[in-house]
Amino acid sequence: MANATDQVAAHYARSDIAETILQAMRAAGKDIERLTPDDLAEFDHFHGRRLEATEELARLLAPQAETHVLDVGCGIGGPARYLAYHYRCRVTGLDLTPEFIAAAEFLTARTGLTDRVSFRQGNATAMPFADASFDALWTQNAVMNIADRPRLYAEMARVLKPGGRLAMQDVAQGPAGPPLFPVPWARDPSISFLHTPQETRAMLEAAGFRVLVWLDNSAAAIAQAAAERAKAGGAPVASSPGLQLIAGEDFPERARNTARSLREGRTLLINGLLERV
Ligand SMILES: C[S@@+](CC[C@H](N)C(=O)[O-])C[C@H]1O[C@@H](n2cnc3c(N)ncnc32)[C@H](O)[C@@H]1O
């Protein structure tokens, strides 16, 4: 049987991601030779509250042009491109899934950002970077797939410079039992490793982080899903056709389960800003 890491990469793997997005862009009348990160936003913010979450977390981190950010579990690179485009900072993205890294590199070239954004394939629990390599860390909806959370947070603390900040979004375990599967990050419980917000904070603090801001954005995520349902005329499908192209045909069911798990208190959407002490 494949180990959990192989199972995670297999869960996300999809061929022709970049070409699929370009076709959709063409169909929407965009000039695919002159794409901006904003053009791609419907497709490449693969996390709860999508672009809105990225915008809010970026305002919290507020990187400067000289800041070098590592995006842990960067997916196809939407948030990395967003940060480089809007804040002029340098971003390195690390992700386990080779197909996502290939798409991230392709789309970054198409948006003319290769001077500031680059990618590495690898495992966040054994990062291919020297100690204190980065000024800031960023992660959105990736750690739910990682079983060894203490090891992950120790790696994050290792590669971040002392005094550097970590901006994070995570799906946490809620009080009302496990999530309803399939969800976007796992089709069954074998690759889903959720912790409560309290456990998450304690593990981060044990790894050497100090919490500066800690937010529960579950209500905002529930409200956004309800608004999208209303916009779709009450259809029970969360309206994120862009992500469906990346995540697969069963994405509507997984998005529905995400919304229901949040409403029922099975999951929570948390955000934090922390400092490496
Ligand atoms: C739901 S996607 C989020 C992608 C991106 N952060 C975003 O918000 O658009 C989760 C990502 O975490 C990555 N991931 C999961 N486990 C990982 C690990 N151990 N090391 C590196 N990346 C991992 C997956 O490959 C996937 O790209």
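## Ligand contacts

Gln140 uses its backbone here: one of its N or O atoms sits 2.9 Å from a nitrogen atom of the ligand. Keep in mind that this is a predicted model. Side chains join in too. Asn123 brings a polar side-chain atom to 2.9 Å from a nitrogen atom of the ligand, while Asp95 puts a polar side-chain atom 2.5 Å from a ligand oxygen atom.

How much of the ligand's accessible area does the protein cover? On its own the ligand has 600 Å² of accessible area, and the protein covers 97% of that.

## The shell around the ligand

Count the residues that surround the ligand and you get 22. The closest are Phe46, His47, Gly73, Asp95 and Thr97.

Sorted by class, the shell holds 10 nonpolar residues, 10 polar ones and two charged ones.

## Helices α2 and α6

Two packed helices are described by the angle between their axes and the distance between the axes. For helix α2 (residues 17-27) and helix α6 (residues 98-110), the angle is about 40° and the axes are 8 Å apart. That angle is why α2 counts as oblique to α6.

Which residues meet at this contact? From α2 come Ile17, Ala18, Ile21 and Leu22, and they meet Glu99, Phe100, Ala103, Phe106, Leu107 and Arg110 of α6. By class, the residues of this contact are eight nonpolar, no polar and two charged.

Now for a couple of backbone details. Phe181 and Pro182 are joined by a cis peptide bond, with omega at about 0°. Pro182 is in the loop between β5 (160-173) and α8 (197-207).

Asp16 has a phi near 60°, a positive value in a residue other than glycine. You'll find Asp16 in the loop between α1 (4-12) and α2.

Key. Residues numbered from 1 in each chain as written. Predicted model: local features only at pLDDT ≥ 70, side-chain atom pairs only at ≥ 80, totals over all residues. Heavy atoms only, no water. Near = heavy atom within 4 Å. Polar contact = N/O pair within 3.5 Å; in protein donor to acceptor, adjacent residues only side chain to side chain. Areas by Shrake-Rupley, 256 points an atom, 1.4 Å probe, with all protein chains shown as cover. Nonpolar A, V, L, I, M, F, W, Y, C, P; charged D, E, K, R; others polar. Axes fitted to C-alpha atoms, helices over the stretch in contact; angles between N-to-C directions. Helix = DSSP H or I, 4+ residues; strand = E, 2+ residues; numbered from the N terminus. Parallel < 35°, antiparallel > 145°, perpendicular 65-115°, else oblique. Contact = heavy atoms within 4.5 Å.
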